Amino acid sequence: MSLSRRSMLLSLPVLTGLMCGCSGDAVTRMPDLPYTEINGQARQLGQLQGKVVVINFWATSCSTCVKEMPRLVETHNRFKAQGLETLAVAMSYDPPAYVMQFAESRKLPFRVVMDHDGSLAQAFGDVQLTPTTLVIDKRGQVVKRYIGEPDFSALDDLLTRLLAQPAA
């Protein structure tokens, strides 16, 4: 077997893990970090403990992110009365003016956050691909990580189950 073919075969498990979002450094618990919403409101992720949370890492330059945003809005609106919290975290490279204009023009009904220094993306397993969506249960555990557009039917089923569970 040639050296290049052997190298490719040896690296396949690593590539597969990265593509499916199953890399070994993936975070399993929501960290308690500060964040600032685009409206200037300072908060801590720890304030979301005890709630089901969807965190969507996105960018205005990401066509899949823009395409999925109306579905994310529908999901949020469907489950917010049951206690769902949604954070749309704009990547550090996204110009703040673009993020604000996007959020305002589409009247996003959930919290929109600028990850100015990349610390939120880093804390959740070095998120680099957009969209990346995390689902966190009431105990603060990351129970699902979608890279790319989620299967919204499966996401709805998961949120229904998680929201029905008693508080931690």
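Is K107 buried or exposed? At 67% relative accessibility, K107 counts as exposed, where exposed means over 50% relative accessible area, buried under 20%, and partly exposed in between (1.4 Å probe, protein chains only).

This is a predicted model, in which local features need pLDDT of at least 70 and side-chain atom pairs count only at pLDDT 80 or more, while totals for chains, interfaces and linings use all residues. Residues are numbered from 1 along each chain as its sequence is written, and side-chain values use heavy atoms, with hydrogens and water left out.

## Overall make-up

The protein has five helices and seven strands. Helices (H or I, at least four residues) and strands (E, at least two) are DSSP runs, numbered from the N terminus. Along the sequence their order is α-β-β-β-α-β-α-β-α-β-β-α. Of the 168 residues in the protein, 42% are buried. Among contacts (heavy atoms within 4.5 Å) with a separation of 6 or more, 70% are between residues 24 or more positions apart. The accessible surface comes to about 9000 Å², and carbon and sulfur atoms hold 55% of that surface. Such areas come from the Shrake-Rupley method with a 1.4 Å probe; for residues, only the protein chains shown count as cover.

## The nonpolar core

A nonpolar core is a set of buried Ala, Val, Leu, Ile, Met, Phe, Trp, Tyr and Cys residues joined through side-chain atoms within 4.5 Å. The largest one has 46 residues, and I55, F57, W58, F124 and L159 touch the most other members. Helix α5 (residues 152-164) gives the most to this core, with six residues. In soluble globular proteins, nonpolar side chains tend to be buried together.

Helix α5 also holds D156. D156 is buried, at a relative accessible area of 17%. Neighbours within four places in sequence aside, D156 contacts T75, R78 and F79.

## Helix α3 and the residue after it

Helix α3 spans residues 96-105, and V99, F102 and A103 in it are buried. Viewed down the axis of α3, the buried residues fall within an arc of 95 degrees, so they line one face of the helix; the arc is that of the directions from the helix axis to the C-beta atoms. These residues pack against β3, α2 (63-79), β4 (85-90) and β5 (111-114). On the other side of α3, A97 and E104 are exposed.

K107 follows α3 and sits in the loop between α3 and β5. Its phi is positive, near 50 degrees, in a residue other than glycine. D126, likewise not a glycine, has a positive phi of about 55 degrees. D126 lies in the loop between α4 and β6.

## The disulfide

How many disulfides are there? With a disulfide taken as a pair of cysteine sulfur atoms within 2.5 Å, the count is one. It joins C62 and C65, whose sulfur atoms are 2.4 Å apart. The link of C62 and C65 is right-handed, with 80 degrees about the S-S bond.

The peptide bond from T130 to P131 is cis, with omega near -5 degrees. P131 belongs to the loop between α4 (119-123) and β6. T133 is in strand β6 (residues 132-136). The side chain of T133 makes a polar contact with the side chain of N56, at 2.7 Å. A polar contact is a pair of N or O atoms within 3.5 Å; within protein, one must be able to donate a hydrogen and the other to accept it, and residues adjacent in sequence count only if both atoms are side-chain atoms. Beyond four places in sequence, T133 touches several residues, including V54, I55, E68 and Y146.

## K51

K51 lies in the loop between β2 (42-44) and β3 (53-58). Its side chain makes a polar contact with the side chain of E85, at 3.3 Å. Not counting residues up to four places away in sequence, K51 touches G83, E85, I136, D137 and K138. K51 and D137 are 86 residues apart along the chain, yet their C-alpha atoms are separated by 6.7 Å.

## Accessibility of selected residues

| Residue | Relative accessible area | Class |
|---|---|---|
| K51 | 32% | partly exposed |
| C62 | 9% | buried |
| C65 | 0% | buried |
| D126 | 32% | partly exposed |
| T133 | 0% | buried |
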